[in-house]
Amino acid sequence: MAAGSTTLRFLGTGGAFSRRYGTTCSMLALPNGERWLIDCGRQAPDQLWEAGLDWHQLAGQLVTHVHGDHIYGLEDFAFQRYYQAAAGVPAIMAGGPRPHFIAHSAVRDEVWESMAASLRYIAIDGNPRAGTLEAYFEVIEPSSWEPPAHNPWRHSETFDCGSLQVIARENEHVPGKPSTSLEFHVGGEGEPDKIAWWSGDSTVDAEFLGSIESRTTIYFHDCTFTDYPGQVHGAFSLLEKLPESIRHKMVLMHHEDDIEIHRAQVEALGFRIGLPGQVYDLCTGKLVDDTH
Ligand SMILES: [Zn+2]
Ligand SMILES: [Zn+2]
């Protein structure tokens with residue numbers, strides 16, 4: 001791997017109800033050596049274990065939105081780091097470091113709303129219900145943001161994620177629900193605008209995808225072949241209409257268990273299929289390893 005590269009390793013690539021590919025979870029490896037997770041679904045603890053990794057080897061966690069297939073592994077992460085020492089890293093309760101946590105503030109509020117009932121019961125100053133998200137994670141505040149556009153919350157928030165800058169931008173998933181895509185600024189010197197784009201769970205916004213194409217090395221997009229009124233995911237019937245220049249940079253993820261049925265059709269259009277064990281270089285957009 002080239003020095004200074006940023007890679008993404010898929011731990012799970014299935015949609016919410018996948019049994020074969022696991023709920024979506026992937027691991028970023030940054031130029032500064034840090035490992036971060038993107039989302040942490042209900043199968044994440046087992047996916048991490050199967051990959052030979054430990055919670056204590058992670059520097060941080062990014063969350064796109066609150067659904068079980070994206071956050072239900074967080075309780076395991078929080079409790080393991082809080083109470084246990086491993087990999088030479090002390091438990092948080094013994095003074096060990098808290099992993100970083102990045103999510104759009106509207107998403108972060110929902111994360112705690114969802115997790116509080118299990119995580120708040122740690123006695124602080126004699127109060128048995130005093131735990132907060134900050135007891136477990138070092139929550140990173142945005143360095144800048146855009147004002148609200150389609151919803152009452154900020155349209156985007158920009159964060160420092162280790163040595164990378166990441167923008168969490170509201171996308172269209174479930175109407176009225178805080179949900180974000182992620183833009184990783186992976187350009188080196190002289191290429192400050194180069195980005196790797198992660199859809200989160202999202203419908204297809206062809207206009208936006210086109211607007212960032214010249215700067216984008218790789219797109220990872222939520223994909224479904226199940227079409228229905230009120231679609232909340234990336235309908236393949238819309239993805240296949242995207243320009244070739246976008247399709248050739250796009251990896252389909254958060255897909256259904258029957259994705260292999262569609263492989264020939266998908267690959268003929270230039271798409272790639274994301275599978276657990278694949279590692280992508282986010283600076284070049286290329287698949288660099290595949291332990292599947
Ligand atoms: Zn999902
Ligand atoms: Zn979702």
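Which residues does Tyr 280 touch, not counting residues up to four places away in sequence? They are Thr 7, Leu 8, Ile 218, Val 251, Lys 286, Leu 287 and Val 288. Touching here means contact: two residues are in contact if their C-beta atoms, placed from the backbone, lie within 7 Å.

Before going on, a word on the source. This is a predicted model, in which local features need pLDDT of at least 70 and side-chain atom pairs count only at pLDDT 80 or more, while totals for chains, interfaces and linings use all residues. Residues are numbered from 1 along each chain as its sequence is written, and chains are lettered from A and ligands numbered from 1 in the order in which they are written.

Now the chain as a whole. Its secondary structure comes to 9 helices and 16 strands. Both are DSSP runs numbered from the N terminus: helices are H or I with at least four residues, and strands are E with at least two. The radius of gyration, taken over C-alpha atoms, is 18 Å, close to the 19 Å that the globule rule gives for 292 residues, so the chain is as compact as a globular protein of that length. That rule is 2.2 Å times the number of residues to the power 0.38. Along its principal axes, the C-alpha trace spans about 60 × 40 × 40 Å.

Of the 292 residues, 43% are buried. A residue is buried if 20 or more other C-beta atoms lie within 10 Å of its own, exposed if 12 or fewer, and partly exposed in between; the C-beta atoms are placed from the backbone. Among contacts with a separation of 6 or more, 54% are between residues 24 or more positions apart.

Next, the sheets. One open sheet has 8 strands in the order β6-β5-β4-β3-β2-β1-β15-β16, with mixed pairing. Two strands pair if DSSP finds at least two bridges between them. At the edges of this sheet stand β6 (138–139) and β16 (287–290), each with a single partner strand, so one side of each is left without a neighbour in the sheet. As background, strands of a sheet pair through backbone hydrogen bonds, either parallel or antiparallel.

Take β2 as an example. Strand β1, residues 7–12, pairs with β2, residues 25–29, in the antiparallel sense over 5 bridges. Within that pairing, Arg 9 has Met 27 as its bridge partner, and Gly 12 stands opposite Cys 25. β2 also pairs with β3, residues 35–38, in the antiparallel sense over 4 bridges. There, Leu 28 stands opposite Trp 36. β2 and β3 form a hairpin with 5 residues between them, and Gly 33 in the turn has a positive phi of about 95°. β2 is mostly covered, with 4 of its 5 residues buried.

There is another open sheet of 8 strands, in the order β7-β8-β9-β10-β11-β12-β13-β14, and its pairing is mixed. Its edge strands, β7 (144–148) and β14 (272–273), each pair on one side only. Inside this sheet, 6 bridges join β8, residues 154–161, to β9, residues 164–170, and the two run antiparallel. Ser 156 has Arg 169 in β9 as its bridge partner.

On to a helix. α4, residues 105–119, bends by about 35° at Glu 113; the bend is the angle between axes fitted to the seven residues ending there and the seven starting there. Its buried residues are Ala 106, Val 107, Arg 108, Val 111 and Leu 119. What covers them includes α2 (68–71), α3 (74–83), α5 (133–136), β6 and β10 (180–185).

Are they buried or exposed? Asp 125, in the loop between α4 and α5, is exposed, with 5 other C-beta atoms within 10 Å. His 254 lies in the loop between β13 (250–253) and α9 (263–268), and counts as buried, with 28 C-beta neighbours inside 10 Å.

Leu 282 touches, among others, Thr 6, Thr 7, Leu 8 and Phe 184.

Back to Tyr 280, which is found in strand β15, residues 278–281. Tyr 280 is buried, with 25 other C-beta atoms within 10 Å.
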